[in-house]
Amino acid sequence: MLFGLGLALTGLACTAPVAEPPKSAALPLTATSTGTLGPWKLRLAELSGQPIPMGPSAALNQHLAKEKPTIVAFWASYCPPCLAEMPMLQALHGQGHAVLGVSLDANQPAIVQRLLDERGARYPNIMLDEASMKAAGRALPGGLPFTLVASPDAQGLVALFGKTDRATLLQALRHAAAALEDRPQPGL
Amino acid sequence: MNTTRHASLALASLGLALSLGLAGCTKAKAKIKGVGDSLQAFIVTNAETEERTCLVCTYGGQPTIMAVGDVNDEGFKKDLQKIQSLVDGNKAKSLTAFALYGQIKDGKFTALKDQAAARKKLDALRKELALTYPVALVPTSLTEKEKDYTPFTDAYDIVKSRTVMLAEASNKVVFAEVLGASNAQYDALADAVKKL
């Protein structure tokens, strides 16, 4: 019996979740910026490895929500804080917020899918191809994790550097929604 | 007598089970040794800024040289200068680098005990060598906030000073050697950078 208990205990230690629960304290946005994703010329691929046959910024556009800001979370398999954010992003997705994961693990769809499955992340995820990943590496100002709240036309409305949390993301979404409303309407 | 014997056996079984289970954990999280592995993220202290950060994450998506050395190894300083030349000459490839210091004795890497003194010494060294990339040291322990990371000494199998790894943009290690007195290993590193 004790033999079984020992195995069970060590088994638990091996499989203990790495994610931490969302923090309740609201943190100030670590940084904000605006800009377009278009110049990055990112080429994206579905997790199956199938390239998305569209132009650079348009390719991202098709994964963004049409009428509200989307949380675009850049991540990689080797980035523990990125992985730790996934349950929180999934919870936001489950509450109706638009979330898109962008993996920098070029050509490793099986690893990407396994990591998403292990963390219960069911929000849309896409991968960068190798060339785009290099471009993104140069463009990501502070490395990973990097989260962008993007407009439907792929404008970066809020950029968050480093590990983020639910309160910060909700604040960023409010900021982004206000920025969208403040935009001059065509013809006015 | 029988009760004592049974209890001893049960405890021995528990010990064996725990050992087997822990061995399983260790195997599941094999240390990074070299070519073909991916650099694993870990926390360092930047000697210049004193910031605790993950440089593998910071340089995610960029080819990166990680150079690990002993704080008393004079030869490592020359390596760092050569690596600076590689970084300077490969800006178009977005090549980045960082130096990581600790104590390497009897084939074992350990964090430097007097972290404050080491930070000052390493920052002075960074200035002296005119390095533009970060010089960092491994902290002695991780904070609660850093619990997502594996400690460097658990993640990497560094047994010698002047161990240098080059990871391509996808984070896969494509070069891992201990640089030596001759230029052979450095030339091999330069070749690996050329192929990026």
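I took buried to mean under 20% relative accessible area, with exposed over 50% and partly exposed in between (1.4 Å probe, protein chains only). The model is predicted, so I kept local features at pLDDT of at least 70 and side-chain atom pairs at pLDDT 80 or more, while totals for chains, interfaces and linings use all residues. Residues are numbered from 1 along each chain as its sequence is written.

Entry one, burial in chain B. I listed the buried residues of α3(B) as G75(B), F76(B), D79(B), L80(B), I83(B), Q84(B), L86(B) and V87(B). I found that their cover includes β3 (64–70), β4 (96–105), β7 (163–167) and α6 of chain B. Contact here means heavy atoms within 4.5 Å. Helices are DSSP runs of H or I with at least four residues, and strands are E runs with at least two, numbered from the N terminus.

Entry two, the helix pair in chain B. I read that the axes of α3 (residues 74–89) and α6 (residues 184–194) of chain B come within 11 Å and cross at roughly 20°. Axes are lines fitted to C-alpha atoms, for helices over the stretch in contact, with angles from 0 to 180 degrees between N-to-C directions. α3(B) and α6(B) are therefore roughly parallel to each other; the cut-off is under 35 degrees, with over 145 roughly antiparallel, 65 to 115 roughly perpendicular and the rest oblique. From α3(B), K82(B), I83(B) and L86(B) meet Y186(B), L189(B), A190(B) and V193(B) of α6(B).

I noted that the axes of α3 (residues 80–94) and α6 (residues 166–182) of chain A come within 10 Å and cross at roughly 45°. That makes α3(A) oblique to α6(A).

Definitions and conventions
Chains lettered and ligands numbered in written order. Heavy atoms only, no water.
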